[in-house]
Amino acid sequence: MAMSSADNDLLTRVENGAAMGEMIRQHYWLPAIPAALLEADGRPYRVRLLGTDLVAWRASDGAVGILDERCPHRGASLALARNQDNGLRCLYHGWKRNVRGDVVEAPNHGGDQATFCAHLRLNRYHAVERGGIVWAWLGRGDNPPRFPELPFVDLPAERRSVTSVEVPTNWVQAVEASMDSSHVGVLHESTSQIAAGGGGGNQRLLMNQALAPKLEFEDRPYGYRYAALRAIGDGQVYARVNHFVMPWYGLICAPTADGPSTAFFSTPVDDSRHRAWFVHFNPGRPLGMTVMSASPDLWNFPPLPPGRAEDNWGQNRDLMRRGHATGFPQHLGTEDFAMFISQGVIADRSTEQLCSADGAVLRVRQALLRSVREFVAGNVPTLADNPALDYRNIRPVGALLAPGEDWRNLGGGTPA
Ligand code: FES
Ligand SMILES: [Fe+2]
């Protein structure tokens, strides 16, 4: 059944006090910026999350901070501030803030500095650095939610890579794509072939053979996991067991036996933009050089489609005539971004006509809508905090099943 416009708004909108934005703000840590971008005493970065303009920075002692972008004095941007002596000093009149958000100096005030600074009204945000990312908690009060200790956050740096890029669409259509197994064999047909280098060892190629996977689900305290099952002949079934972790994480199994898994997540910049994050991680060994780990730009990769709507977003039809599936050879992510952008800034879910492959997408929506309704009713969303919540042992897994074998028995171990 198609979604009502009212539910589509409830699902997608995060700005200006929208319930979804408030729920996320209160109950989740937000990935804000790749940690490697921030240097001690280096430039602050402008970061926009849930429609709030912020700056992220690293103080002289290495601690990270997240502050409102506007100076609490008269609103100059702290992205322009001097970063020195463990503080961010506004360029305009010299007010200085520390990583906890205190104003520690207001040199143009003639009275008692300490008393004046102590009585300012300030937003204070929590910031932590984990897994190559600086995370922010923008909620009210002083009790941040449990940190999502996803399987990559405590790995050594050489076993993970982090890249991200801002995409000009609402975040939910990107979250849906991470739980949309049936698009992979179509949209990514050529990128899968290219990644496999023409060889047969890459299981992802099996998705090009069977375009209508059977989906089976299991609820989890953080969301759900599901198996996309593809019959590939000789009684064999290729099972991909991926996880949806509220509010936006897709944990995707490795394409090869000992390859890296992917955590794909799409965080709302505001209603009409999101930041797409790609984390590759391999608990078992260093990543070595991959397209992701070799990326020179943690803040702008993978590339967006190279054109605008008037020229079909830069699609290369000549390449398609030569056999490429999409005409977006830049990156697998570029193909996804082209789809999100072509769906519209906020996809209209009231006119969709869904099919049997869309069950996992529907469950993403259900989990988000259930959570926001619980929040609006004054409750802590069930999936945001419950005693069984354990992020550490989430393991996406892909494997060929023998005849009669149950995907649930693949366990949560390393990818088979
Ligand atoms: S506007 Fe920042 S110190 Fe005046
Ligand atoms: Fe995709």
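Analyst: Leu-50 is buried, with 23 other C-beta atoms within 10 Å. Buried means that 20 or more other C-beta atoms lie within 10 Å of a residue's own; exposed means 12 or fewer, partly exposed lies in between, and C-beta atoms are placed from the backbone. This is a predicted model, so local features need pLDDT of at least 70, side-chain atom pairs count only at pLDDT 80 or more, and totals for chains, interfaces and linings use all residues. Residues are numbered from 1 along each chain as its sequence is written, while chains are lettered from A and ligands numbered from 1 in the order in which they are written.

Leu-50 is not a glycine, yet its phi is positive, about 55°. Most residues other than glycine have a negative phi, and most peptide bonds are trans. Leu-50 sits in the loop between β2 (45-49) and β3 (52-58). Helices (H or I, at least four residues) and strands (E, at least two) are DSSP runs, numbered from the N terminus. The two strands form a hairpin with two residues between them, and Leu-50 takes its positive phi there. β2 and β3 run antiparallel, joined by five bridges. Two strands pair if DSSP finds at least two bridges between them. One bridge links Tyr-45 to Ala-56 in β3.

Asp-85 also has a positive phi without being a glycine; the value is near 50°. Its place is the loop between β5 (82-84) and β6 (87-89). Asp-85 is partly exposed, with 13 other C-beta atoms within 10 Å.

Next, the cis peptide bonds. One runs from Met-246 to Pro-247, with omega near -5°. Pro-247 lies in the loop between β14 (236-245) and β15 (249-252). Another joins Phe-301 and Pro-302, with omega about 5°. Pro-302 belongs to the loop between β17 (273-281) and α7 (317-321).

Now a sheet. It is open and has three strands in the order β1-β10-β9, with antiparallel pairing. β1 (30-34) and β9 stand at its edges with a single partner strand each, so one side of each lacks a neighbour in the sheet. Neighbouring strands are turned by 30° against each other on average, direction ignored. Axes here are lines fitted to C-alpha atoms, for helices over the stretch in contact, and angles run from 0 to 180 degrees between N-to-C directions. Four bridges join β1 to β10 (residues 133-137), and this pair runs antiparallel. Pro-34 has Ile-133 in β10 as its bridge partner.

His-119 lies in the loop between α3 (113-118) and β9 (126-130). It counts as exposed, with 8 C-beta neighbours inside 10 Å. His-119 and Leu-38 are 81 residues apart along the chain, and their C-alpha atoms are separated by 30 Å.

Last, helix α2 (residues 19-27). Its buried residues are Met-20, Gly-21, Met-23, Ile-24 and His-27. They cover an arc of only 160° around the axis, which puts them on the same side of α2. The arc is that of the directions from the helix axis to the C-beta atoms. An α-helix has 3.6 residues a turn, so residues three or four places apart point the same way. The buried residues of α2 pack against α1 (5-12) and α9 (359-376). Contact means that the C-beta atoms of two residues, placed from the backbone, lie within 7 Å.
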